[in-house]
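Here are a few friendly notes to read alongside the model. Please keep the structure open as you go through the points.

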Amino acid sequence: MAPTDETGQEAQQSSPFGTTPPPGPPASGGTTGPNGRMPRWLPRAMVLALALVAAFQLGSWAFHQVTGLLVNILIAFFLALAIEPAVGWMASRGMRRGLAAFVVFIGVVIVSAGFVTLLGSILADQIIKMIEGFPAYLDSVIHWINTHFKTDLKRVDIQEGVLRSDWLRNYVQNSATGVLDVSAQVLGGLFQLLTIGLFSFYFAADGPRLRRALCSVLPPARQAEVLRAWEIAVNKTGGYIYSRGLMALISGAAHFVLLQILGVPYAPVLAVWVGLVSQFIPTIGTYLAGALPMLIAFTVDPWYALWVLIFVVVYQQFENYVLQPKLTSKTVDIHPAVAFGSVIAGTALLGAVGALIAIPAIATLQAFLGAYVKRYDVTDDPRVHGHRWRGAGPGLIARTRQLWARRPGAERPEAERPEGPEGGGPGQGSV
């Protein structure tokens, strides 16, 4: 039994050297449990942290896997918003909504397929003409080289050297191995178009059901805001598509008249190309659209290509300053700088898809903010109009005149002459 002192507590044993060792840490304190064991909460915290990290990694992997699908759904949603006015108009006339959406989609598919077919025939015809005329062009180049550089080149020697070269053999091998990749890309593009078409059809045909399902999980006050935002998005996106379609029609008609006058082949298809590309590819669409008619006009006459270029530039100015403000003032009225910035941002985020949907998305956001942001009357201040604040003193021209009049030797006007004997005023007596 351990010895105790007078108070009944156990006496501390002395060390062999006569000093008392310091007491140890309490058994119940610190971060460790009894007998130096790990706390009970630490294993659970470690498991929870590992589970959170694993869930984040799994969610990130899943998001990257379905990014393509999400982009397709976004395109389909904006396409459904674009055709919503037409589908709603047909449905209000007694047609079933699904049938109305089907009719609109069939029309869009027929127009798109016809345009692609005609454009493909143009490109194929031009490629065949280039291949057929390549020997004559090569002969003219060889003749020019032999004449100016005193050489003796022959087309047969050049052809044999090209056919026996290593780079041509490597190019053919790489092209043969890349056929499967091109086929896979074509099939992937067709599947992507099919996915976008199906989703956009469902969004357009079941628009009311989708809105009811979305509003059923929101309180009444939020439902009104969601429906208002949906209506703004439909109006802005549909207005953007229809206004761009009208401008494409006007642009195509104008370029068709020019190409028909110049006698450029395939004038109708080239006019449709110019109209669609210039209106639905923002910022650089005009220059891309005018390149193909200029190239084909150059094959007819080089001066025709110059006339096409001049007409494209002049018509672009007419469209920017006269036609576009009148047609888009009630649909997509956004500043050109904002439109350009939105296209750059959309391209950086989603590539070509972002460039196409950037303008209607920004127009929808601008209209939505304009409906909820309170605006005030602007004070009538010259600085609002870009004029500098001059204060109550004389202007710059008046101050310049005063300094010029006060220069040495200058004759002062009557109003500025001092009165008195020295100034010749009323105080000066007569002699």
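1. The lining of the largest pocket has 40 nonpolar, seven polar and no charged residues. Here Ala, Val, Leu, Ile, Met, Phe, Trp, Tyr, Cys and Pro count as nonpolar, Asp, Glu, Lys and Arg as charged, and the others, Gly among them, as polar. This is a predicted model, where local features need pLDDT of at least 70 and side-chain atom pairs 80 or more, while totals for chains, interfaces and linings use all residues. Residues are numbered from 1 along each chain, and side-chain values use heavy atoms, without hydrogens and water.

2. In total, 47 residues line this pocket, and Leu 79, Val 108, Ser 112, Phe 280 and Leu 356 lie nearest its centre. (On a 1 Å grid over the protein atoms alone, a pocket is an open set of points where a 1.4 Å probe fits, with protein on both sides within 12 Å along at least five of seven lines; lining residues have an atom within 4 Å of a point.) Which element gives the most to the lining? That is α3, with 12 residues; helices are DSSP runs (H or I, at least four residues), numbered from the N terminus.

3. Now look at Tyr 315 and Phe 318, both in helix α11 (residues 302-328) and three residues apart, about one turn of the helix. The structure holds nine aromatic pairs. The ring centres of Tyr 315 and Phe 318 are 6.1 Å apart and their planes are at 50°, so the pair is tilted. (Rings of Phe, Tyr and Trp, its six-membered ring, pair if their centres lie within 6.5 Å; planes under 30 degrees apart are stacked, over 60 edge-to-face and the rest tilted.)

4. Finally, find α7 and α8: the contact between them involves Leu 210, Arg 211, Leu 214 and Cys 215 of α7 with Gln 223, Val 226, Leu 227 and Trp 230 of α8 (heavy atoms within 4.5 Å). Six of these residues are nonpolar, one is polar and one charged.

Terms used. Helix = DSSP H or I, 4+ residues; strand = E, 2+ residues; numbered from the N terminus.
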